[in-house]
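Thanks for making the time.

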Amino acid sequence: MFKWDTLIINANVATMAEGSHEYGMIENGAVGILDGRIEWVGTTAGIKNSIETLAKELIDAEGCLLTPGLIDCHTHLVFAGNRADEFEQRLNGVAYTEIAKQGGGILSTVRATRAASFDELYAQSLPRFQALISEGVTTVEIKSGYGLDFNSELKMLQVAKKLGEEYNIQVKTTLLAAHAVPPEYKDNADKYVDVICTEIIPKIADLKVADCVDAFCEGIGFSYDQTKRVFDAAARWGFPVKLHADQLSDLNGAALVAEYAGLSADHVEYTSLKSVKAMAKAGTVAVLLPYAFYSLKETKLPPIEAFRKHHVPIAVSTDCNPGIAPCSSLLTTMNQACIQFSLTPEEVLAGVTRNAALALGIEDEVGSIEFGKKANMVLWNVKKPADLCYWQGMNRVKRIFK
Ligand SMILES: [Zn+2]
């Protein structure tokens, strides 16, 4: 009778355990897995019994790095269509307002997503999902928000769930009906907010297809008051909330989501010190999205020093979407978080493991290599964690455990 299903030995284990320093690193470490859970973590030398008899499968990591499975905690990867032509138009000097007038921008994605069948939407989203998980991502958050009516939002969430089921990946779904005002409510955003609060949220709650509710609080999205109404409805139906907050201007979005004890405030370039303090008090995570920052050539940095000083957990994510973040590589955004935001490689790895789990409210299950957690882990063809942020354009995944 074996004690474990799998035993990994001679690994540099970056446990990323809460409160640990220097990645919670165990050099020459060993991890025992039983029934998909982590049953033992320690040094290889610390295993006294003869190693061959302990587990059905013995893996000698030969000094390679073992990390928690990566978590991409903010994506819009389910959508139909493609905006490469708009990208090209813009670079050929066509103004964004002109492109929008021609029906481009987010509403072109809404049209394509509404028109796509479930199977078409699944097929178009799949390569993005596969690209993400090939880099060791074992948990992905996927938002709706290109349907903007009940049926299309539902279709997006169901496609997201199916992706997770087919590939044995933990997918957390987020209802983002308050992403943009749909064309049929063009001059009446408040009426659309009514529809979200009285129709879309209650029906989605009944069907149990979303884990969370999100909104886009911005001049070009929804106002502070409209966002508050969406959050009130979310709270009535038992949803935790998160928010696209203070990306282009400071509307006190981060403070608002903190007021609802929200899981995360995302983007947060323009977040004020007052809002940072509110986030710290509420335990709301700051989710940084360096690809969006890069592609908009944004220059206003998020208040990173204030997040550090007030112990606001920082997560990092791709924001994978067809507009401002056409990127399905979490490793790329990890490098960008170092270069653009001057996060340390250790902060970045925490941002795609432990703190990303916090941003999804699943920190008890995943995000670190600790006893009792899910055995979602990645063995890399590198020795040191900084390598993951340092070199670009090479996928060094050796083996994924999930
Ligand atoms: Zn987003």
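Which handedness does the crossing of α5 and α6 have, left-handed or right-handed? The crossing of α5 and α6 is right-handed. Before going on, please keep in mind that this is a predicted model.

Staying with that pair, the axes of α5 and α6 are 10 Å apart, and the packing angle is about 35°. On the α5 side the residues involved are Phe150, Glu153 and Leu154. They meet Glu199, Ile200, Lys203, Ile204 and Leu207 of α6.

Helix α5, residues 150–167, also crosses helix α4, residues 118–134. Here the axes come within 10 Å, and the crossing angle is roughly 50°. That angle makes α4 oblique to α5. As for handedness, the crossing of α4 and α5 is right-handed. From α4, the contact uses Phe118, Leu121, Tyr122, Ser125, Leu126, Phe129 and Ile133. From α5 it uses Lys155, Gln158, Val159, Lys162, Leu163 and Tyr167.

Helix α3 belongs with this group. What do the buried residues of α3 pack against? They pack against α4 and α5. The helix covers residues 106–115, and its buried residues are Ile106, Ser108, Thr109, Val110 and Thr113.

Next, α7. This helix runs over residues 224–236, which is 13 residues. From first C-alpha to last, α7 reaches 18 Å, close to the 18 Å expected at 1.5 Å a residue. Which of its residues are buried? In α7 these are Gln226, Thr227, Val230, Phe231, Ala233 and Ala234. Looking down the axis of α7, the buried residues fall within an arc of 160°, so they line one face of the helix.

After α7 comes Gly238, with a positive phi near 80°.

That brings me to backbone angles. Most residues other than glycine have a negative phi. Asn28 is not a glycine, yet its phi is positive at about 50°. Lys208 is not a glycine either, and its phi is positive at about 55°.

Where do these two sit? Asn28 is in strand β2, residues 25–34, while Lys208 is in the loop between α6 and β9. Asn28 has 16 other C-beta atoms within 10 Å and is therefore partly exposed. Lys208 has 8 C-beta neighbours inside 10 Å, so it counts as exposed.

Asn28 also turns up among the contacts of Thr44. Thr44 is in the loop between β3, residues 37–43, and β4, residues 55–60. Is Thr44 buried or exposed? Thr44 is buried, because 20 other C-beta atoms lie within 10 Å. Leaving aside neighbours within four places in sequence, Thr44 is in contact with Ile9, Asn10, Asn28, Gly29 and Ala30. For a sense of distance, Thr44 and Asp266 are 222 residues apart in sequence and 40 Å apart in space, C-alpha to C-alpha.

Tyr270 is in the loop between β11, residues 264–267, and α9. With 21 other C-beta atoms within 10 Å, Tyr270 is buried. Beyond four places in sequence, Tyr270 is in contact with Asp246, Ser249, Asp250 and Lys300. Tyr270 and Lys143 are 127 residues apart along the chain, with 23 Å between their C-alpha atoms.

The other is Ala280, in helix α9, residues 273–282. Ala280 has 18 C-beta neighbours inside 10 Å, so it counts as partly exposed. Which residues does Ala280 touch, not counting those up to four places away in sequence? Ala280 touches His310, His311 and Val312. Ala280 and Ala306 are 26 residues apart in sequence, and their C-alpha atoms are 10.0 Å apart.

That is where I will stop.

Note on methods:
Residues are numbered from 1 along each chain as its sequence is written. This is a predicted model: local features need pLDDT of at least 70, side-chain atom pairs count only at pLDDT 80 or more; totals for chains, interfaces and linings use all residues. Helices (H or I, at least four residues) and strands (E, at least two) are DSSP runs, numbered from the N terminus. The expected span of a helix is 1.5 Å times one less than its number of residues. A residue is buried if 20 or more other C-beta atoms lie within 10 Å of its own, exposed if 12 or fewer, and partly exposed in between; C-beta atoms are placed from the backbone. The arc is that of the directions from the helix axis to the C-beta atoms. Axes are lines fitted to C-alpha atoms, for helices over the stretch in contact, and angles run from 0 to 180 degrees between N-to-C directions. Angles under 35 degrees count as roughly parallel, over 145 as roughly antiparallel, 65 to 115 as roughly perpendicular and the rest as oblique. A crossing is left-handed if the near helix is turned anticlockwise from the far one by less than a right angle, and right-handed if clockwise. Two residues are in contact if their C-beta atoms, placed from the backbone, lie within 7 Å.
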